[in-house]
Amino acid sequence: MNQNITKIEVNGKEIYLIGTAHVSHTSRQDVKDCIDEVKPDSICIELDEERFEAFNNPKRWENTDIIEVIKEKKTGYMLANLILSAYQRRIAKKMDVQAGQEMIQGIESAKEIGANLVLVDRNIQTTFKRIYRKHSFFQKLKLISSLVMSIFDDEDISSDDIESLKQSDALDVALKEVSKEYPVVSEVLIHERDQVLAYKIKNAPGNKIVAVLGAAHIPGIKEEIYKTYDIKELESIPAKKPSAKIIGWIIPLAIIAMILSLFSVNSTLGWEQVINWVLWNGSLSALGVLLAWGHPLAIIVAFIAAPITSLNPLLAAGWFAGLAEAFIRKPKVKDFENLLDDVNSIKGFYKNRITHILLVVIFANLFSTLGTMIGGFDVIKNFIQSFL
């Protein structure tokens, strides 16, 4: 049997793990040959429902409602997903292959032989959110920056490099350097997913099972498949700690209380503090939109919204600025058609109206947070000077 295929027995089942590269010429044939030989009851593929839909609907981005993305607070997720999809597509294009051919072969073979098709990966949005929730604010900033820079790295990739992807999939490669600095990324991206994949593979219907997987997961799955896991916990999004929610409200209320107390001492000082709060929050959030080349109306909206949204944990200045940008500069058909190509360069990010809107949202929020920190420090300083 092919050296990229591992056979194991679990609970009386024969399980064949096919280690593939998602952008390799040879992986698709490996999958077809194994399935033709084994004739499994179930074929497991390393996809979730969302990415499976992407294979069935390659032009899914063209149906994206950017306003709904903003309202549902999915701008960060959409941006990360776009970057990673474009990265995998870029590798495939350089090697003149179509990304995910081995997954497509698994889907087609399941139909041909009448096998159960089982999607065994964890929802990608859950994976992203588990990574996001386990980092501090400044770690998140560094993590996002590292990811973006790794995607824009246009270093040439050879055929040998692509074949070496049999040791990891494109997502893992994109985050390889990031994972070294942030162990949690590797824990959630690789180790947790090994557990989820192992659980779903061994619980697939039938006694003969073929699993099509990125080769990086094979060693982990071979170890984890004999263990027991709380699958509900692994597929859940960690809730924010109650203390974090409380602090999220206590800080704004404390700032409001301190500003009001300054009015009791000196109304002029109170008004000065209000103006400073507005200027720090509004100006920095507006600066963020300006750096994203946002429309003047979006800049104004960010300036007005930031001082208010900074005092309400349920709101964000970027949402309002992004909606204004989307209203003024509605995405065109060509923006959707060129989306994955434009994501590969900074110029494309700014040129494409969809990613441009996402940048407006993210920059407005990031700079508003910075304004809140500086403005809050200013309030505390004046409060201390006045009462202590």
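Colleague: How many aromatic pairs does a search of the whole structure find?

Modeller: The search finds three aromatic pairs, where rings of Phe, Tyr and Trp (its six-membered ring) pair if their centres lie within 6.5 Å, and planes under 30 degrees apart count as stacked, over 60 as edge-to-face and the rest as tilted. This is a predicted model, in which local features need pLDDT of at least 70 and side-chain atom pairs count only at pLDDT 80 or more, while totals for chains, interfaces and linings use all residues. Residues are numbered from 1 along each chain as its sequence is written, and side-chain values use heavy atoms, with hydrogens and water left out.

Colleague: What makes Phe263 and Trp271 an edge-to-face pair?

Modeller: Their centres are 5.2 Å apart and their planes stand at 90°, so the angle falls in the edge-to-face class.

Colleague: Why is the pair of Trp293 and Tyr350 called tilted?

Modeller: The ring centres lie 4.6 Å apart, with 50° between the planes, so the pair is tilted. Trp293 belongs to the loop between α15 (267-291) and α16 (296-309), and Tyr350 to helix α20 (residues 346-351), so the pair ties together parts 57 residues apart in sequence. Helices here are DSSP runs (H or I, at least four residues), numbered from the N terminus.

Key:
Helix = DSSP H or I, 4+ residues; strand = E, 2+ residues; numbered from the N terminus.
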